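Work through the exercises below with the structure in view. Try each task before you read its solution.

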Amino acid sequence: MKRSLKSRHIQLMALGGTIGTGLFLGSGQAIHSAGPAILLAYIITGIVCFWIMRALGELLMADLNYRSFVDAIRVYLGPRVSFITGWAYWACWIALAMAEITAIGMYFQLWLPHVPQWIPGLLTLIVLLCINLITVSAFGELQFWFALIKILAIALLVLVGVGMMLVSFKSTSGYVASPENLFNNGGFFAAGTKGFILSFQMVVFAFVGIEMVGMTAAEAENPRHVIPRAINAIPFQILLFYVAALAVIMCIYPWDRLAPSKSPFVMVFNDIGLRGAASLINFVVVTAAASACNSSLYTTGRMLAELTSTSHRPGIRLVSKLSRNSVPALAVIISAGVIAIAAVLNLIMPGGVFKVISSIATTSFLFIWAIIIVTHLKYLQSKPQERPFKVPGAPYTDYLVLAFLAFVLVVLCLDKQTLGALIFTLIWFAILAVASLSQPRKQK
């Protein structure tokens, strides 16, 4: 593969994969669950994700020949665990992409209410597929501009919100913009301890995909410089965008007046009297979903190529073959074909596709993150002579991350819907575990 991805590409790729519907639409439900304390939940999860990213970065920097973090898992935990992780990770991103193209179809209903929900999502997928087949730099440029639109929209919201607080702006609903709104309506922990704990399920969903930097190792222009820089910056960038944006929203509106089923961003822009606010935010949200789908297509294509490259069957190995543009074209096309199944699902059950698919994918990422941390612990036990990107506080930070992931797993068991998704995910991993028996126990 060609090393064509620059630092700005890699940083905005991960931002594009994580800043999506979780912020622009799902934040209303998150605020409703925990109140202003949701900000603390984002900060805690952001710190944990930073430790995960640093552990991932140290693994990648230990051997620049790794194509992705799955190679490191194969070395330290064996082919069977890497087999399960690789196919699970591929399925995770397939599910996320299916959810995103479903969301795109839903968003287009605002502009084209009579167009079937499955058509806009499928057309978006076809366009993204064509771009991904050109060159990796074309993908990187598209992702850069997609993410930039989202970042500018959030920055605009924050600046407008701060300006409203400085002049004590009074909305048409009679609410005065002030930081006091974070504490006046029942206090910072207004929803209680239970609401705060349950909110972690939605907060973790917002950070899903942050580890996709680990899929760019083989195509980074200068991995020794680019990957550490991106890893150090991304968690704090995401934390800044989420915490700053949601803090401003709750300062402009009393948190208990925000509708859980609507986008807080749309409500804010509508209330300050900006014409066409709904269409403006809808454009940003469509871009966010397309950006996340673009990240999914990139990740699933590279992962499928890696998983098939070690097969003993020539026909399967053909999937990993690179095109003239150094892109695993067949792997990308196959992944896009599987993602396109979402169009069929939207035709059959348009109302429930997004909710079911996204909840299943979220529970799967807990396993992926845990495996990355366990691999890092195994790496530390090998007592490497040089550690060019040392994790501060390791191995204790690794144990804290595993404890946090176990806590979130317990939280998932407290809700019927997420419990069902968890059970389905465990069945999927059990199937992969059986299939992995065909792999050798140890790395050759």
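Predicted model: local features only at pLDDT ≥ 70, side-chain atom pairs only at ≥ 80, totals over all residues.

**Exercise 1.** Find the partner of E58 in a salt bridge, and explain what the pair ties together.

*Solution.* 
Step 1. Look for the partner: E58 pairs with R387. Their closest N and O atoms are 2.5 Å apart.
Step 2. Check the cut-off. A salt bridge needs the nitrogen and the carboxyl oxygen within 4 Å, so this pair counts.
Step 3. E58 sits in helix α4 (residues 38–62), while R387 is in the loop between α18 (353–381) and α19 (396–412), so the bridge ties together parts 329 residues apart in sequence.
Step 4. Check burial. Buried means under 20% relative accessible area. E58 has 0%, so E58 is buried. R387 has 26%, so R387 is partly exposed.

**Exercise 2.** Describe the other salt bridges, given that the count comes to 3.

*Solution.* 
Step 1. Take R74 and D71. Their side chains meet at 2.7 Å, N to O. Both lie in helix α5 (residues 69–77), 3 residues apart, or about one turn of the helix. R74 and D71 are both buried.
Step 2. Take D256 and R257. Here the N to O distance is 3.1 Å. D256 is partly exposed at 37%. R257 is also partly exposed, at 46%.

**Exercise 3.** Which residues touch the most other members of the largest nonpolar core?

*Solution.* 
Step 1. The core holds 131 residues. I38, Y42, F207 and W369 touch the most other members.
Step 2. Follow I38. Leaving out residues up to four places away in sequence, I38 touches A30, I31, S199, V203 and M250.

Key
Residues numbered from 1 in each chain as written. Heavy atoms only, no water. Core = buried A, V, L, I, M, F, W, Y, C linked by side-chain atoms within 4.5 Å. Buried < 20%, exposed > 50% of the residue type's maximum accessible area, 1.4 Å probe, protein only. Contact = heavy atoms within 4.5 Å. Helix = DSSP H or I, 4+ residues; strand = E, 2+ residues; numbered from the N terminus.
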